[in-house]
Amino acid sequence: MKKVLFISSTGGHLSEMMQLKKMFDYYDYHIITEKTKSNLSLLDKYPNKVNFLVYGTKDHFLSYPFKLLYNCFKSLYFYLKIHPDYIITTGAHTAGPMCLIGKIFGSRVIYIESFANINTKTVTGKFLYPFSDLFIVQWSSMKKLYKKAIEGGWIY
């Protein structure tokens with residue numbers, strides 16, 4: 001059975017990613033997101049299938065670089081523990097290091113650009129587009145910005 005790692009930041013990105021939960025029945029899956037009070041219920045819902053990274057948004061300018069560095073090392077640890085065949089992400093910054101690590105170690109990276117973006121690229125989308133094995137957009141207008149993307153339709 002293929003191992004699939006689903007990773008995203010908390011909030012809307014996680015909400016989008018969890019729309020893919022029907023896929024969990026077909027793969028040896030694992031979920032990684034940021035640790036927040038609202039996400040702790042995932043531990044009960046998906047026992048032994050969830051891990052957390054440190055929560056920290058770009059809005060926290062002074063602490064963000066340290067949290068990002070810590071999350072890079074923690075991502076490497078989780079990657080080596082799980083060693084997924086595929087990494088599927090809806091973004092954002094939390095997923096970037098894991099996708100890079102996965103690409104270096106031979107995992108296939110599938111990126112789903114945010115539903116919220118209709119005419120502009122996300123920072124994570126710009127970063128992951130060049131090395132994603134499959135890049136999916138949810139709006140046809142985004143195909144103009146990402147020429148090699150596949151239009152997958154709305155995730156909701």
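My exposure scale first: buried means under 20% relative accessible area, exposed means over 50%, and partly exposed is in between, with a 1.4 Å probe and protein chains only. This is a predicted model, where local features need pLDDT of at least 70, side-chain atom pairs count only at pLDDT 80 or more, and totals for chains, interfaces and linings use all residues. Residues are numbered from 1 along each chain as its sequence is written, and side-chain values use heavy atoms, with hydrogens and water left out.

**Entry: salt bridges**

I took a salt bridge as a side-chain nitrogen of Lys or Arg within 4 Å of a carboxyl oxygen of Asp or Glu. That rule gave me 3 salt bridges.

I looked up Asp28 and found its side chain in a salt bridge with that of Lys49, at 2.9 Å from N to O. The two are 21 residues apart: Asp28 sits in strand 2 (residues 28-34), and Lys49 in the loop between helix 2 (41-45) and strand 3 (50-53). Helices (H or I, at least four residues) and strands (E, at least two) are DSSP runs, numbered from the N terminus. Lys49 is partly exposed at 21% relative accessibility, and Asp28 is partly exposed at 30%.

Next I checked Lys103, whose side chain meets that of Asp133 in a salt bridge of 2.8 Å, N to O. This pair spans 30 residues, from Lys103 in helix 4 (residues 95-104) to Asp133 in the loop between helix 5 and strand 6 (134-137). Which other residue forms a salt bridge with Asp133? I found Arg108, with the closest N and O atoms 3.7 Å apart. Arg108 lies in strand 5, 25 residues from Asp133, and is partly exposed at 43%. Shared partners join Lys103, Arg108 and Asp133 into one network.

**Entry: cysteines**

I searched for disulfides, meaning pairs of cysteine sulfur atoms within 2.5 Å, and counted 0. For Cys72, the nearest cysteine sulfur is that of Cys99, 12 Å away. Are these two cysteines buried or exposed? I noted Cys72 as partly exposed at 27% relative accessibility, whereas Cys99 is buried at 0%.

**Entry: one more lysine**

Last, I located Lys121 in the loop between strand 5 (108-112) and helix 5 (123-128). Its relative accessible area is 35%, so I logged Lys121 as partly exposed.
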